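Subject: Structure handover

Hello,

Here is the structure I said I would pass on. Please open it first, then read the notes below with it in view.

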Amino acid sequence: MSSADTLRVIPLGGLGEVGMNCMALEHDGQLLVIDCGTSFPGEDHGVDVLHADLSWLTDNWSRVCGVFLTHGHEDHIGALPFLLKGRPLQVFGPRHALRLVQRRFSEQGTDISTYLRPVKCGERIAVGPFEVEPIRVSHSIVEATALAISCAAGRVVHSGDFKFDERPSDGEPTDEQRLLELGVAGVDLLLSDSTNVDSVGTSASEADVADALDSIVKDAPRRVFVALFASNVQRLISLGRIAQRRGRRLCLLGRSLALHVEVATELGYLDWPHDLILPPERAKTYPKDQLLVLATGTQAEPGAAMSRLARGDHRFVDVEADDTVVFSSRIIPGCDRQVVDMMCALMRRGARVESRWTSLVHASGHAHRGEQRRLIELLTPRCFVPVHGTLHHLSRHAALARQCGVPEVLAVENGQTVVLENGTLRRGQDVPVGRIHVAIGGHEMPPEALDRRRDLARCGVLSVAVVCDHKGRLACPPTIQALGLPRLERREALAQLADYLTQNWGSLRSSSSAPPTRNGSSPDGDLSSPRSGRGYRDRTSALGLRFVSVQTEALPVLVERSVQRWVDAGFGLRPLVAVHIHQAPTDG
């Protein structure tokens, strides 16, 4: 069977995890990329975002015919700057998504506008050997689309992120008629969003959320703070209407929120009066019952607006007694504790806190199980591959498809390719995949650097600086700093450690000059005891420190192990030790 008769689905991100959505379709020797997103780290070691390892795509760059975006959420567009770095390529997608992409590249000093190709729903766009038709679907962001992709091997429908909401704020519900028409014409393969497969029934309508928010704002005696995802333009549309109806002005806290408001306004989705938005610096003095504050930081990110409000250190606004704070958002798995802690901090400040647990102030933008079934029934696909979710989500969605009578169903994770051939599915050859951690500042953080940061966070660090004369004798007492080490950070403890090193410096110098024993340890049994060697050498070597030694390379290692032994024996701590030995300048 020739490559013109087959279609290979190549998941690079988003299958087996939530976020980092990126997939390639391969047909007749060419590749079409669908979405290229980022995700947020589950731990904070200076990592800003994560994205899929895109090296397989860049290694096959001459075969990539374009990128097609389903919508403008970061988990679908955020990694484009990493993919397109110095590699021009056509990017197709809704106006809203492309405007956000353009802003992102502009922030980095790159003009990508000549490569952006806005598309409308119902258009059929030729991209290499593929014909792509965007189809309107409801989601928490505007202009979300599913994609009907046709080639000689068959027709594929990629759902994108979707739900069936008959009353979305932007007035653009999912185009069920077109989906039904595609089902009648024949769909060979459906790739469908699995995010909410554990949620039974159907998702709430955005109109119901708007009603609940309106009721809260109407009854609030003072200011109302609404925490929301900045990209939730559907919610922004509703909140703008509520503010005008209830005689309140909007105050925006958070740069990402201001960006999304600006882009949505440019595209005509927010027709707010010019005086509806109040500058944050005027919020403290504005009448309390005439203000509706919108803020980012729903997941208790330390530097975001909501966390600052909870701590009471926001420079423009304070949450006060009888204010109302509404969390119009969901809690991302893994953020539960810090979000609840933030809610409690706001309650201690006297605020009334509303969330999904108390009223219908949020609706998911993703289809629940009943809506996932509905999509399958509209399209009646011959084959099905679940996308967007952990292996648990993918497996449950695959089981749902089988219950709906889909003949061919496969659940795969990143790197595990699927081949569509003559209306049947089979596993293809795997491709290399992985995750790339991007540090704050935009640079890639190698795995070994991330491991070092984890060790530093877990163990603390002890810095020992020693100045010696030309013969290796101490020129002055050692200088010692402790970071993240309880009790040892006290001045008295550091002074004791400095005295210990001063008293034992002669034996350390002697040991460093002696030949090693058969097992490679120092002849000084006191310094090479099993207790002092529990993983210290491995952890400290991982730091990649440079030592300036005036005698031998062994001396810094012996100092390190001696310090570790002393700290472990006296304090029960096992820090990473950084030893710096310098030679004092000589006179003349």
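A pocket, as the word is used here, is an open set of grid points with protein on both sides within 12 Å along at least five of seven lines. Its volume is the space filled by probe spheres set on those points. Please keep in mind that this is a predicted model.

Pockets and cavities

The second largest pocket has a volume of about 210 Å³. Its lining consists of 14 residues, and those nearest the centre are H51, F82, K85, I436 and E444. Sorted by class, the lining residues of the second largest pocket are five nonpolar, five polar and four charged.

A cavity, unlike a pocket, is a set of points where a 1.4 Å probe fits but cannot get out. How many cavities of 30 Å³ or more does the structure hold? There are three.

The largest cavity contains about 60 Å³ of space. Its lining is made of S138, H139, S140, K163, D165, P168, S169, E206, Q234, A363, S364 and G365. By class, these are two nonpolar, seven polar and three charged residues.

The second largest cavity has a volume of about 50 Å³. The residues that line the second largest cavity are G13, L15, N21, C22, M23, I34, D35, H158, V387 and H388. Strands β2 (22-27) and β3 (30-36) are the elements that give two or more residues to this lining. Five of the lining residues of the second largest cavity are nonpolar, four are polar and one is charged.

Strand β4 is joined to β5 (residues 47-52) by two bridges in the antiparallel sense. If you want a residue pair to look for, S39 has L50 of β5 as its bridge partner.

Another open sheet has eight strands, in the order β8-β7-β6-β3-β2-β1-β21-β22, with mixed pairing. Why does one side of β8 (116-118) and of β22 (424-427) lack a neighbour in the sheet? Both strands stand at the edges and have a single partner strand each, so one side of each is left without a neighbour. From one strand to the next, the twist averages 25 degrees.

At the β8 end of the order, β7 (residues 91-93) and β8 pair in the parallel sense over three bridges. Within this pair, V91 stands opposite L116 of β8. Helix α4 (residues 95-107) lies across both β7 and β8, and runs at about 160 degrees to β8.

Helix packing

Helix α5 (residues 176-185) packs against helix α11 (residues 369-379) at an angle of about 50 degrees, and their axes are 7 Å apart. That angle makes α5 oblique to α11. On the α5 side the contact is made by E176, L179, L180, L182 and G183, and on the α11 side by R374, L375, L378 and L379. The contact residues of the two helices comprise six nonpolar, one polar and two charged.

Backbone angles

Most residues other than glycine have a negative phi. Two residues in this model are worth a look on that account. T380 is not a glycine, yet its phi is positive, at about 40 degrees. T380 sits in the loop between α11 and β19 (383-387). N422, also a residue other than glycine, has a positive phi near 55 degrees. Where does N422 lie? N422 is in the loop between β21 (418-421) and β22.

Regards

Definitions and conventions. Residues numbered from 1 in each chain as written. Predicted model: local features only at pLDDT ≥ 70, side-chain atom pairs only at ≥ 80, totals over all residues. Heavy atoms only, no water. Axes fitted to C-alpha atoms, helices over the stretch in contact; angles between N-to-C directions. Helix = DSSP H or I, 4+ residues; strand = E, 2+ residues; numbered from the N terminus. Parallel < 35°, antiparallel > 145°, perpendicular 65-115°, else oblique. Contact = heavy atoms within 4.5 Å. Nonpolar A, V, L, I, M, F, W, Y, C, P; charged D, E, K, R; others polar. 1 Å grid on protein atoms, 1.4 Å probe; cavity = no way out; pocket = protein on both sides within 12 Å on 5 of 7 lines; lining within 4 Å. Pairing = 2+ DSSP bridges.
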